[in-house]
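Let's walk through this one together, starting with a single side chain and ending up at the ligand. Have the viewer open as you read.

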Amino acid sequence: MKNLENQVIIVTGGAAGIGGALTRVFVKRGASVLAVDIDEDAGEEIQKVNTEKIAFLKGDVSKKEVAQEAVDMAVSKFGKLTGLVNNAHASRQKPLMELTSEDWDLSFNTGFKATLNFMKAAYAELKKNKGAIVNFGSGAAISGQDNQASYAAAKEAIRGLSRVAANEWAKDNIRVNIVCPLALTEGVAQWKENQPEQYKQVASKIPLKHFGDPQKDIAPVVAFLLSKDSQYMTGQTLMADGGDIKLR
Ligand SMILES: NC(=O)c1ccc[n+]([C@@H]2O[C@H](COP(=O)([O-])OP(=O)(O)OC[C@H]3O[C@@H](n4cnc5c(N)ncnc54)[C@H](O)[C@@H]3O)[C@@H](O)[C@H]2O)c1
């Protein structure tokens with residue numbers, strides 16, 4: 001399916017994990033992708049997948065200037081910007097009372113503030129092209145999972161920001177939606193290998209009985225929200241989580 005033909009999309013954290021899957025699938029579907037990631041080795045690796053259609057910017061998304069650098073690079077390499085996916089987010093899991101101000105800063109700077117900075121940097125280009133933004137939330141934030149306070153708070157701040165931007169920027173023809181994934185990334189795959197019984201137990205509680213495959217189960221949902229097929233949707237949260245959480 002080529003539902004992203006002629007699109008130019010920035011993917012933060014786009015070199016590995018879910019972001020790496022997004023980069024690969026978007027290119028297969030006709031887009032050019034600028035992957036912004038802190039991991040240089042993974043960035044060089046993903047560029048080899050398609051040297052013409054994938055560009056890599058090594059950068060820490062928590063640094064404000066990286067957002068503008070990414071937009072400038074996407075436009076100079078590929079001529080325009082039509083989509084933005086704020087996927088990168090780093091955090092530490094600890095009980096609420098043990099989280100330090102450094103832990104809170106890590107989650108809010110890489111998650112919430114990076115999302116805000118990239119949205120603002122991309123706004124003018126997206127406005128020119130009826131662009132779309134997909135931000136990342138989390139089922140762990142919606143359900144309030146133990147040890148996830150700094151992560152959950154930043155994720156829900158991202159959803160709040162996304163809904164306001166959806167309303168304010170509708171007149172500019174920019175759509176903003178959210179995806180909450182549940183995916184068997186490299187880290188989760190390692191855990192499955194080491195703790196197969198534990199994996200089985202957790203997976204058995206998911207209605208569709210398995211963690212999502214980043215390329216087959218998560219990327220197509222994000223691609224849909226970037227494509228014309230979702231042109232009448234904005235401000236929505238889509239759960240790509242095997243039915244784990246049902247939003248009303
Ligand atoms: N994996 C899941 O099941 C799951 C569940 C709920 C939500 N999410 C969300 O999905 C998104 C992707 O998750 P993932 O599991 O693939 O993440 P991940 O931890 O595997 O990281 C993805 C990429 O982000 C990059 N990255 C990390 N910090 C960065 C920074 N400061 N600047 C630039 N790049 C940085 C990493 O190098 C990596 O390539 C995140 O927003 C995460 O919170 C994932």
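Start at S230: a polar atom of its side chain sits 2.8 Å from the backbone oxygen of F224. You'll find S230 in the loop between α9 (214-226) and β7 (237-240), with helices (H or I, at least four residues) and strands (E, at least two) taken as DSSP runs numbered from the N terminus. S230 counts as buried because its relative accessibility is 1%, where buried means under 20% relative accessible area with a 1.4 Å probe and protein chains only.

A quick word on the source: this is a predicted model, where local features need pLDDT of at least 70, side-chain atom pairs count only at pLDDT 80 or more, and totals for chains, interfaces and linings use all residues. Residues are numbered from 1 along each chain as its sequence is written, and side-chain values use heavy atoms, leaving out hydrogens and water.

Now for the ligand. It is surrounded by 23 residues, the closest being I18, D37, N87, Y151 and K155; the cut-off is a heavy atom within 4 Å. Ligand oxygen atoms lie 2.6 Å from a side-chain N or O atom of D37, 2.7 Å from a backbone N or O atom of N87 and 2.8 Å from a side-chain N or O atom of K155.

Methods. A polar contact is a pair of N or O atoms within 3.5 Å; within protein, one must be able to donate a hydrogen and the other to accept it, and residues adjacent in sequence count only if both atoms are side-chain atoms. Buried means under 20% relative accessible area, exposed over 50%, partly exposed in between (1.4 Å probe, protein chains only).
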